[in-house]
Amino acid sequence: MKKRLTITERIKITKRGIGVLKQYCPGLAGGKAVSALLAAVQPLVSVWLSAKIINELDGERRMKQILFLVAAVVLTNFIVLLVKSIVDRVTEEKEAQMWNFFGKVFADKTMAMDYADLEDAKILQQKQAASQNLFMFGNGLGQLVWGLNSLVNAAANIVLSLSLTITLFLSDAGSKAVDSPLWILGIGICVVLGGLVNSRATQEENAIFEKWCNITVWFNRAFTFFGQVLSTSLERAKDVRIYKQNTTADRAFQKMEERDKEARAHVLHMAAYPALAAAIASIGNIVCWVYVVLKAYLGAFGVGSIVQYIGALGKLGTGVQDMMFVLIDNEVYCRHLQGLFDYLDIPNHKYEGTLPVEKRAFCDRGDTDYEIEFCNVSFRYPGAEAYSLRNLSLKFKIGERLAVVGKNGSGKTTFIKLLCRLYDPTEGEIRLNGVDIRKYDYDEYLSIFSVVFQDFKLFSFSLGQNVATAMEYDKKKAEQCLKKAGLSERLKTMPNGTDTILYKDFEAEGVEISGGEAQKVALARALYKDVPFIVLDEPTAALDPIAEAEIYLKFNELIGQKTAIYISHRLSSCKFCDEIAVFDNGAVVQRGCHEELMLERNGLYHELWSTQAQYYGNAV
Ligand code: ADP
């Protein structure tokens, strides 16, 4: 937790928080404020009108006036309750949704961040702290919503009850003792003392809560885990019995009970505060009653006003106490909001150029070619000591097929990440047609690439929408791409063709597809984008041997004039590539076509090929 915030900082943070609420949950803060205002208005208006009715009954007894006042109290109650229920209905709906919208605050930030930051452990921790605070305890934005409600309610109670009691303080009972300002002072002291005791309780509660937050997180996680181990998890039942894991779980439960006892000790201590506050409130109550009744007895006002003053003084007391609570609570949620804003304010460091990428008819060869060149590129992940790529120089032109092979961890995926500008080189330069890729507009630059990552993801939308990555799409083109990717037979069995919904997340009739079929859809998606560069990272890993062979056979037809960069562990699939780059320890150690590389009998390629051949025979 950070240092204490100044009032100016708190106002600034609260204002920004309200701005975030307005942007992501429009109407929620306003709705809460209106509801809180009406909740304060209704009882006080009733008290005020009831006092008038009693005074009339006790005084002139004008029937017309009494009927008017009764109608007024019934009608205002009805109108206020009606408006409040409508506002509450709408606001409750928004409040139930607010967690989803808070999720969008994080999603928007994630989308806007530099990709490099998404993998940064420090930033991930910052994000986790902010989101855990918000989603587990409602700290920050959640507290702000509830805090605004309490603020408006407390402020309205103070203003309205003061306006209803001002005549009490000004009225003259004709007795020095009863009219003495000491009564007002006494009432004031009780109200403020009660408020202070409650505030102290809130402050201590907050301090304990902050201290125990981490333990609660651990407690919840441990409880869920061990609870599942011992009672619900069938998959674990075998292990639990064989290794007697229940004793470990029992010990964990014991530990949790000890911690819980400690927590309960605090609960007892905390209960003393409300008791003290109640005692002070009772003394205040006695003072109020004596003061008001004495004044009424001495003829300062009618009996009806007793109802008004006692009711209003009660509300004044709660209003002041609530306001003190709101102000203390504001400090706490402002600090949580600050944590969230610190995360949201992480700046983007990636330089974004403005140059457009010339859109060329990439099937034409010749001077319209795109050329990508890695010029002496070295790269180290942020925070890492070792280089993942070293002095990489590589050039490839449109229409070429480049295979990238190498052992695990040799830098193949890092090479692709740099090519797609997910990271910028630590040293050296990557050029597109002779220009540093940093100088291009990022979206423009990305628009010339299609990538099928190993861990690609599809959405639970229709097959066609997945292929086109758009809600509206060219059906014919989507079908063609699916056919090219080897899904024509499966497409025939889809109940609604390309309109068939994939997976059952949103639709009961959604179709489940296998991992291999999903990989083909991902391939079709890359083809649909119809761009000059296509990057395939292990594109056949989930396919069965027949489907894999089909893809290899049709590879040239599939890729057409596009430049293909092809990462594969299956060396036989690289044979048809124009060039193979062999990566080792972050550097390209060999380059050439299959036949050339096989001639280098001491080379890594020959070694990798021979090792695979041992297991697959000649047909690796
Ligand atoms: P390959 O794709 O050839 O298996 P990678 O490009 O994924 O290899 O990894 C190359 C090296 O970079 C490895 O040593 C790996 O541990 C390291 N590396 C990969 N990703 C990260 C990361 N996000 N942070 C730090 N090091 C990483």
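Okay, housekeeping before we start. It's a predicted model, so local features need pLDDT of at least 70 and side-chain atom pairs count only at pLDDT 80 or more, while totals for chains, interfaces and linings use all residues. Residues are numbered from 1 along each chain as its sequence is written, and side-chain values use heavy atoms, with hydrogens and water left out.

Let's begin with strand β8, residues 563–567. Strands here are DSSP runs of E, at least two residues, and helices are runs of H or I, at least four, numbered from the N terminus. Five of the five residues in β8 are buried, so the strand is largely enclosed by the rest of the structure. By buried I mean under 20% relative accessible area; exposed is over 50%, and partly exposed is in between, with a 1.4 Å probe and protein chains only. T563, I565 and I567 point one way, A564 and Y566 point the other way, and all are buried.

Who pairs with β8? Strand β3, residues 401–406, runs parallel to β8 and is joined to it by four bridges. Strand β7, residues 533–537, is also parallel to β8, over five bridges. For pairing, DSSP has to find at least two bridges between the strands.

Now the ligand. Around it you'll find E119, Y381, S388 and then the run K407, N408, G409, S410, G411, K412, T413 and T414. The shell divides into one nonpolar, seven polar and three charged residues. On that scheme Ala, Val, Leu, Ile, Met, Phe, Trp, Tyr, Cys and Pro are nonpolar, Asp, Glu, Lys and Arg are charged, and the others, Gly among them, are polar.

Which side chains come up against ligand oxygens? S388 has an N or O side-chain atom 2.8 Å from one, and K412 has one at 3.0 Å. Taken alone the ligand exposes 560 Å², and the protein buries 61% of that; those areas are Shrake-Rupley, 1.4 Å probe.

Last topic, salt bridges: 19 in the whole structure, each being a side-chain nitrogen of Lys or Arg within 4 Å of a carboxyl oxygen of Asp or Glu. E119, from the ligand shell, pairs with K417, closest N and O atoms 3.5 Å apart. K417 sits in helix α12 (residues 412–419) and E119 in the loop between α4 (115–118) and α5 (121–137), so the pair ties together parts 298 residues apart in sequence. K417 is buried at 13%, whereas E119 is partly exposed at 38%.

Then there's E579 with R591, at 2.8 Å between the closest N and O atoms. E579 is in strand β9 and R591 in strand β10, so this pair links parts 12 residues apart in sequence. Both are partly exposed, E579 at 21% and R591 at 32%.

Key: A residue is near a molecule or strand if one of its heavy atoms lies within 4 Å of it. A polar contact is a pair of N or O atoms within 3.5 Å; within protein, one must be able to donate a hydrogen and the other to accept it, and residues adjacent in sequence count only if both atoms are side-chain atoms.
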